[in-house]
Structure formats: structure tokens, C-alpha cells
Amino acid sequence: MSGASAGTSVYAAWSLQGKAPGQVAYDVQAGSVEPRIAQKYFWAASTETPRADHVHAPDALPWVAFLGGTEAGRPLTGLVETTWSGGRDATGRISYSARLLLLDWQPVSGAGLTWSPLYTAALDAEWPAAGPGDGHTPHLVLDAAPTMVAKLARYIEQDIGFEWAARCAALLLEGRHVVITLSPEHAGLSAVTRVAVLDGICALLPYGSRAWLSAATWAGHGADHELRLTFALRPRGSQCHAVLSGQPPQEPRSSQGRAYLAELLRLRQKEGIDALLPHLLSHRTPLTPQDAEQALQHLRDLDLKAVVLGDIGQGTSRLNDVARLLSLYPLESLTEPEAATLARHLARSALPGGRLGAERAQARSLLLEHWSPRAGEALADELNSWDAESQTLPRVRAALDLAADAVPRDGQAHALVLAGYLDGGAAATAPDGLRSRSELLHALQRDLEETTAAAVHAVLLRRPALTLAWLDVNAERNTLDDRLVRDLLGLPGRDGERKAPDWLRGAALIHGEPPAVRDGREIDAFADVSATAWRTALGLACHAGNPEVLPWFKPELYDVAAGRGGTDADRDLLLRAIDVLVPPRPGLAGKHAAWADLFQRPLLGSDMRRSRCLADDGTAPAEYAAVLRGELPALGLLSWEEDALAAGLVGDRPERVPYPVLWELIHPQGAPAAGGVRSLEGPVLTRIAELLKHAGDWITHGMPAQWEHHLRSHPDLQWLAHTADIRRLVAGRTAAPEELGDAVALASPHSRYADRVQEIVEYPSAVIEAIGPWLRERAGDGDSLHRLTRHLDRASPQRALGRLLYHSIARQRFGDLVRQQALTGHEELKDSVGRAIGILSQKPSRRPPAPPAPSPGHRPSSGRAPVGGRGPGDGPPLPLPGTHPEHDQDTRSSWLRRRWGRGDDRV
């Protein structure tokens with residue numbers, strides 16, 4: 001790698017892509033790489049079709065691409081070169097070819113080969129012939145010269161610029177795509193030089209990054225690609241832009257990218273590029289795009305001790321760096337000031353400090369793992385340095401844990417320390433202090449011994465604000481069933497002497513555990529504990545499934561929902577808690593649904609969705625309406641708010657309008673003396689009318705007749721009267737099909753049938769519903785249904801409403817039974833009509849018509865008819881036998897038919 005010795009021979013699998021003579025499409029022509037795999041690399045390197053007339057343009061061939069990949073679990077390095085093949089395809093166009101080399105990561109990385117020496121070796125390699133019948137060697141041998149670090153360093157510094165290349169490298173590390181464009185003086189830059197530029201940029205990343213990096217000397221705009229670092233005519237989309245020997249790329253955005261760039265610049269200034277490049281090239285383990293942190297760690301390893309100690313002094317240290325330093329330099333090997341700095345830093349991180357849970361545990365583990373007398377001294381110094389404001393929850397908890405592991409302790413001492421912390425100091429009354437103590441107690445509550453639990457209970461009974469904060473934490477983390485919580489909330493139920501304070505009895509009542517003694521002050525006492533007691537109440541109620549709690553905290557919940565109190569987080573919590581207590585699904589109790597909707601109304605744009613989810617028990621709508629009648633006047637809604645409330649009650653689906661609730665709210669039936677909210681009637685009817693206008697549909701379930709008659713007066717809803725006419729005609733059961741058809745046509749002004757399904761406009765649901773009983777009764781009578789549909793078609797020839805009715809029946813809009821009955825009835829009608837058509841289609845006979853049948857009461861003449869003739873009044877004489885053979889036959893057949901009848905088979 002230093003450039004001293006001979007080159008390295010590495011083996012590469014190979015593949016050739018191109019066109020055989022007379023061939024039109026490009027495919028794999030030869031090689032030792034499986035064609036499916038080779039095609040993947042060829043495709044990744046191909047971004048557009050080269051142009052033969054661009055000989056001296058920036059996009060002139062050859063193009064070179066380097067691709068990191070993995071096949072069968074093995075990391076590989078791919079090199080694809082695209083050049084002109086020198087031939088033409090079947091269409092006469094000049095063909096190009098692409099060569100692929102696939103190299104195992106291990107030998108290439110072991111030799112520290114970078115892209116420039118690999119490409120030079122590929123150019124010098126002897127490729128096998130690719131003609132038909134030629135034997136294909138499994139591998140090519142590349143004799144690659146070692147990477148000349150000093151030469152590469154000079155190239156970066158003098159030709160492309162260190163900061164320019166460093167910015168490109170940092171952007172690649174944070175996952176960005178970088179496009180290099182060429183100024184006019186560099187337009188003819190060769191592929192070898194372009195590879196050197198790409199190699200110089202990537203040399204400022206750990207060598208293992210090449211396992212995932214991809215780069216190319218040219219990328220066009222003809223196809224999407226995932227190449228990370230390319231030369232191109234211009235950037236596109238979110239690609240970062242850098243001009244070679246000109247405009248540098250933008251600054252990295254991520255913290256890791258910025259930190260990496262800063263470290264590159266610092267180490268170049270402090271150690272020099274000649275030390276920096278070998279350090280980066282020494283990292284041979286394959287990395288992934290997600291390993292930016294590991295790459296940054298390796299970069300910092302060059303000056304790790306100074307970095308870690310400097311970061312500690314500035315308050316920006318990273319525990320991973322500390323761990324790495326301790327793995328390289330144990331505490332005993334450091335100077336006393338260095339060891340003290342490290343140990344006290346770990347103590348601050350493990351006890352209290354600016355560390356989150358995972359990092360705090362890591363610091364604790366490091367301190368215990370590298371424990372020494374120096375570490376003990378540092379921990380003691382750190383504990384003694386705390387002031388009152390610094391005794392926060394993370395520090396106390398970490399101190400308890402470390403003290404338990406570092407020195408022997410008994411159970412009573414631990415109980416005293418914990419109880420003293422929970423009960424002590426002014427910090428215990430501040431919101432942050434309450435929260436930190438609650439979280440500490442929550443973390444310990446499942447493992448407390450009996451004596452410690454008793455001490456904690458005593459503190460909780462004395463400190464209601466702490467208790468409510470602790471209950472909040474348990475509600476958030478779904479641990480209200482823990483024994484410590486159950487024992488506390490169960491105390492009022494076991495307390496016949498009222499030793500439990502009122503606020504605790506209120507908590508038990510909210511949680512569905514009625515206290516043994518009640519005096520009506522429990523809820524007020526609970527609410528007075530803190531301004532956020534309502535949050536604790538909702539958490540307990542949700543756990544217990546107790547929606548009765550909602551009206552108990554009416555003032556607080558109204559204020560939070562309306563935005564007069566609380567935060568956005570409080571409103572989100574209120575919204576979620578109400579959905580848990582009274583989920584918006586069918587079967588709700590009226591009272592619970594009403595309170596839930598009232599509190600959520602300001603949060604959901606006045607949507608009163610539970611009014612449409614009430615239980616069908618005969619009482620839920622009245623309960624719901626009663627709550628609203630009692631609450632709405634006190635809310636003092638403005639007119640626009642009443643309009644919104646009406647819209648929220650009605651909803652946006654005509655078939656789900658809660659008419660029983662609306663009617664009981666406005667015209668109370670069960671308690672007329674209560675007085676209805678008459679001001680809502682106009683907005684409610686207006687909203688219903690809007691639904692009907694826009695939906696063009698109508699569902700009548702439960703609508704009061706008074707409102708229906710009112711809505712018919714709206715200019716756009718006059719078709720409602722025609723729908724009512726259908727119901728009236730169907731109910732009378734005597735209307736002719738033609739009369740019913742007139743009403744159907746008038747009630748369906750927009751419906752039409754068409755041969756194309758997408759152009760069909762179905763009957764309104766109101767018409768379907770209204771005509772349904774008639775069809776269920778008369779569908780089997782083919783004549784009646786046929787008369788109805790024929791009249792509909794004649795009444796609306798352009799809309800073919802009769803065929804539309806058949807279409808609706810076929811789609812089972814009226815059920816399968818109606819469809820089957822209609823089909824059977826029409827089959828019978830078809831047979832009857834067919835027989836009639838057959839009779840009417842018979843040719844007339846040549847003989848004179850038969851005499852009419854004698855009238856009733858007619859007596860034959862007493863005289864005999866003459867031979868060959870007929871009696872008086874019998875019409876024209878019959879011809880003599882033998883004079884008209886066909887007539888003789890007809891006469892005989894007719895006589896036989898009269899004698900034996902149509903069905904007799906004796907003729």
C-alpha cells in the first residue's frame with residue numbers, strides 16, 4: 001500500500017455483453033458469470049445508450065462503473081467497462097459492448113487495492129475470445145499494482161482539492177448521491193483520469209465503504225439508476241452537485257455527515273493527509289450504507305485519546321469512543337489526570353448527566369467493567385459534588401443501582417434512601433420533580449420488598465400530588481395492575497374507619513372500586529389535588545372501563561376540549577381516552593355516547609358520531625337527547641356553532657341520520673316539560689336537505705312525517721313527493737302497473753340504462769326501497785312486471801327505465817328471490833306468447849270456413865237435407881265427395897277431430 005513492492009495478482013470472474021452479427025438485442029455473449037447475475041451488473045451500470053457521434057463529448061465512450069454487491073452471501077466488487085465493439089447490428093447501427101469483472105472482496109481488500117489500480121489492471125488483462133465454440137476460461141488474472149498512497153495523497157491535495165473531495169465523501173456517507181460535472185476545460189477528461197477522481201473521493205472514506213459504494217465515469221438521464229457517485233451532464237432531483245476544479249458540493253445535512261467532514265478537516269490539519277489515508281485504507285471490514293457511525297469511529301481512532309479527552313472537556317463525548325479508548329488503553333496505562341477524567345466522566349454518565357437510558361446503562365457497564373481504585377475515587381468525588389438542583393431522577397436511580405453493586409447494603413437502608421428521596425425537598429413538589437420520582441418508583445415497584453413497599457405507601461398517602469403523577473406513569477405504561485398500585489387503590493375499600501384520605505377514596509371510586517365509606521366529597525377532593533387530576537382520572541377510568549367518570553370532570557374536560565386550558569398533547573390524550581371509554585361503534589348507551597360526543601365535539605369539528613351508534617333498546621336515543629338538552633343551553637352556542645352541531649348530529653350519509661335522537665332532542669316525547677332545543681330544527685332540516693340534494697338519494701327509515709312533508713317543499717327535493725306516491729300506490733295494492741310506472745319515472749329523474757355498464761345511472765335507493773314490496777309480491781306475475789317495464793320504457797324512451805329495472809333485479813337489488821320469481825314469471829309469459837304467435841302465424845285454409853256453432857237453444861230442422869247438400873240455413877252446400885280430394889281429406893280429418901278430440905291417438 002505504501003507503494004514499495006510488487007503488484008498483486010487477483011482472480012476475476014468475467015462476462016461479455018453485446019450483439020452477435022445480425023443480432024438486434026443486447027445480451028450476454030460469453031463469460032464465467034451466470035448470465036442472470038451478469039445481467040444485473042450490466043443493468044446497474046447502464047444509464048443510457050451511447051451515441052457514436054459524441055466522440056469528443058463528455059459522454060464519449062468508454063464508460064467505467066464500479067459496483068459493490070453481494071452474491072450467495074459473499075461481498076464482491078464489480079467493474080463494468082462499456083466500449084464500442086467495432087461492429088454493426090442487424091439494423092446497421094454501430095454496436096457497443098460491455099465487459100464485467102467480478103472480484104471477491106477478500107483478496108482485493110486484503111491487498112488494499114483501490115479503483116485506479118484495478119481499472120489499470122483490467123485494461124491490461126488478456127480477455128478470452130468470445131466467438132462460437134471458443135472455450136471460456138473460468139477466471140481472468142489481473143496483475144494490479146499496489147495503491148500508491150503518497151501519489152494518491154498528492155493527487156487529492158493538488159488536483160481535485162482536499163476539502164472538495166472531503167465534502168463529496170461526507171455526502172456519500174450520509175446516503176446522498178453526488179454528481180460531478182465538468183467545466184469546458186475538462187470536457188475531454190479521459191476515463192482513467194475520471195476513475196482517479198472517483199478513487200480520490202472514496203479514499204477519504206474507510207476502505208470498507210467500497211463494499212456498498214457505486215461510482216461511474218458517466219451517467220446519463222435516459223434511465224433511473226442507483227449509482228452513488230457519477231460524472232454527468234447535470235444533476236437531477238435531489239442529487240448533490242459538484243463541479244470538478246470548481247464549485248464544491250453542498251455541506252452535509254446530517255449530524256454524522258457534518259461530524260465526519262469536521263474530523264477529516266481536523267485530522268488533515270493535525271496529522272496530515274499522509275497519515276490520514278493509510279489509516280482509512282486500513283479498515284478492510286465490509287460496511288453497509290447504515291454503518292456511518294462505524295465509519296466515523298474508525299476515522300476518530302487515528303487520534304482517539306486526544307479526541308475523547310477533548311470531547312469530555314467540551315461536553316460532547318461519545319460513550320462508544322470512551323469504550324474504544326478503554327479497550328486500547330486500560331485505565332492503569334493512562335496518566336493519573338487522564339484516568340481521573342475518564343472515570344469521572346463515566347460516573348457522571350452512569351449516575352445523572354445528559355445520557356438517556358441505553359447510554360446510561362452503557363456507562364454503568366463500562367465503569368464496572370474497568371473498575372479500579374481510581375474509578376472508586378472518581379465515583380465518590382462525583383457523588384460529593386452534587387448540589388440540590390442536580391439531584392434528578394436519573395442520577396438518584398443510577399446512584400442507587402451503582403451503590404447496590406459497588407458496596408454491600410441491607411434492605412432497610414435501601415428503603416430509607418428511597419423513602420427519603422420520594423418525600424424530600426422542594427424539588428419533590430415541582431412538576432419535573434414529581435415526574436422523575438414517579439418514573440423512578442415505577443421502575444422499582446415490581447421488585448420492592450415488603451418493608452420498602454410499606455415505606456413507599458406511607459409517603460404516597462402523605463403526598464397526593466406525587467401519587468397522582470405516579471398513577472399517570474402507570475396508566476401510560478399499562479401497569480395499573482401492579483401489586484403496589486392495587487394495594488394503594490384497594491385501601492379505601494378495606495377502610496371502614498375512613499383512615500384513607502378523601503382524594504384516595506376518589507381515586508378508588510374512579511377506578512371502579514367504591515370505598516367502604518362515602519360522603520360525596522371524594523371527587524372534589526381528587527380534582528383539587530392538581531390542575532391535571534383529570535388526566536389521572538381518565539387513565540384510571542380507561543383501565544377500569546368506567547365511562548361514568550366523564551361528567552364528573554365536566555368543567556375540566558370542557559375547558560381542555562375548547563382550548564381554554566391544557567395543551568395540544570392534553571387534547572390528543574382526551575380524544576384517545578374518550579374513544580377508549582366510549583368507542584364509536586354500534587350498541588352504545590345513550591348517556592355515555594352523549595357525554596363522549598359533547599367533549600369531543602370541539603376536537604372533531606362538531607362531529608357527533610356516536611348519535612348514529614346508539615343501542616337499539618328503545619331508551620338510548622332518549623338518554624342521548626336528554627343529556628344534550630341539559631348541556632347545550634349552558635354552552636351558549638352561536639348560530640354558526642349550532643349549524644355545525646346540526647351537521648355533526650345528522651352526519652353525511654342519508655341512510656344513517658339518527659331521526660329518533662333528533663326528534664327527541666327538538667320535540668321531546670318522554671319529557672315534554674323539559675323543552676326541546678327548537679333552535680336546532682332549522683339547521684337540522686337544512687343539513688338533511690343538503691344531503692338529499694347532493695346524494696340524489698333517499699332513505700326513509702325513522703324520518704318523522706312532519707319533517708318529510710316539510711322537506712318536500714324544497715325546490716330541489718320535490719321528487720320526494722313522487723317517492724311518497726310510489727309508497728302510497730304500493731301500499732294500496734290496487735294500482736295498475738302503468739300508474740306505478742309513472743310515479744317511478746317521476747321519482748327517478750337522473751336514472752338511465754345504457755349498454756355500457758359505466759354509463760348506467762341506478763335508481764335511487766328510495767325508489768328501490770319503495771317499489772320493493774310490490775316486486776316481492778308481483779315479480780312472479782310476468783304480465784304485471786312486463787306491463788310495468790314496458791310502460792317505463794315507453795314513458796322514458798331515452799332513459800330506458802324499464803330495462804334499468806330489469807338490470808336492478810338482475811343485480812339482486814331486491815334479493816335473489818325476486819330475481820328468481822321474475823325469471824320464472826317471464827319464462828311462463830314467454831311460453832304463452834310463443835303459443836299465441838304460433839297460432840297467429842298459421843296459414844289460412846283454402847276451404848270455406850266452418851259454420852259457426854249453433855246458438856244455444858237452436859233446434860235442427862225436421863226435414864232431411866238433400867243428398868250432397870245441407871239443410872235450410874246451413875250455408876253453402878258442401879261439394880260432392882270425390883270432386884275435391886283435398887276437401888274430402890280436410891272434412892274427414894275435421895270429423896275425426898270432432899269425434900275423438902285433439903289428444904286422441906286412434907286416428
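This is a predicted model: local features need pLDDT of at least 70, side-chain atom pairs count only at pLDDT 80 or more; totals for chains, interfaces and linings use all residues.
H345 lies in helix α12 (residues 336–350). Helices here are DSSP runs of H or I with at least four residues, strands are runs of E with at least two, and both are numbered from the N terminus. H345 is buried, at 6% relative accessibility. Buried means under 20% relative accessible area, exposed means over 50%, and partly exposed lies in between (1.4 Å probe, protein chains only). Not counting residues up to four places away in sequence, H345 touches I312, S317, L319, V322 and R355. Contact means heavy atoms within 4.5 Å.

Residues are numbered from 1 along each chain as its sequence is written, and side-chain values use heavy atoms, with hydrogens and water left out.

**The chain overall**

The chain has 38 helices and 10 strands. It has 907 residues, of which 46% count as buried. Take the contacts between residues at least 6 apart in sequence: 65% of them join residues at least 24 apart.

**Aromatic pairs**

A pair of aromatic rings is described by the distance of the centres and the angle of the planes. Rings of Phe, Tyr and Trp (its six-membered ring) pair if their centres lie within 6.5 Å; planes under 30 degrees apart are stacked, over 60 edge-to-face, and the rest tilted. The count by this rule is eight aromatic pairs. One of them is W105 with Y207: the centres are 5.5 Å apart and the planes stand at 50°, so the pair is tilted. W105 belongs to helix α2 (residues 105–110) and Y207 to the loop between α6 (191–202) and β8 (214–216), so the pair ties together parts 102 residues apart in sequence. Both partners are buried, W105 with a relative accessible area of 3% and Y207 with 2%.

W663 and W707 make another pair. Their ring centres are 5.1 Å apart and their planes are at 70°, so this pair is edge-to-face. W663 is in helix α29 (residues 659–666) and W707 in helix α31 (residues 705–711), so parts 44 residues apart in sequence are tied together. W663 is buried at 18%. W707 is buried at 1%.

Charges also sit over rings. The rule asks for NZ of Lys or CZ of Arg within 6 Å of the ring centre and within 35 degrees of the ring normal. The table gives two cases.

| Charged residue | Ring | Distance from ring centre |
|---|---|---|
| R210 | W115 | 5.0 Å |
| R284 | Y207 | 5.8 Å |

**Helix α24**

Y558, W595 and F599 form one aromatic cluster. Y558 is also among the buried residues of helix α24 (residues 554–562), which are L557, Y558, V560 and A561. Down the axis of α24 these residues fall within an arc of 170°, so they line one face of the helix. The arc is that of the directions from the helix axis to the C-beta atoms. Their cover includes α23 (533–544), α25 (568–581), α26 (590–600) and α27 (620–635). Just after α24, G563 takes a positive phi of about 85°.

**R99**

R99 is in strand β5 (residues 94–104). Its side chain joins that of E81 through a polar contact of 2.7 Å. A polar contact is a pair of N or O atoms within 3.5 Å; within protein, one must be able to donate a hydrogen and the other to accept it, and residues adjacent in sequence count only if both atoms are side-chain atoms. Beyond its neighbours within four places in sequence, R99 has contacts that include S15, L16, F42 and W127.

**Cysteines**

The whole structure holds zero disulfides, taken as pairs of cysteine sulfur atoms within 2.5 Å. C202 is buried, with a relative accessible area of 2%. The closest cysteine sulfur to that of C202 is in C168, 9.6 Å away and too far for a bond.

**Backbone exceptions**

Most residues other than glycine have a negative phi, and most peptide bonds are trans. A cis peptide bond joins L61 and P62, with omega about 10°. P62 is in the loop between α1 (35–45) and β3 (63–71). A72 has a positive phi, near 55°. A72 is exposed, at 82% relative accessible area. N478 also has a positive phi near 55°. N478 lies in the loop between α19 (464–476) and α20 (483–489) and is exposed at 64%.
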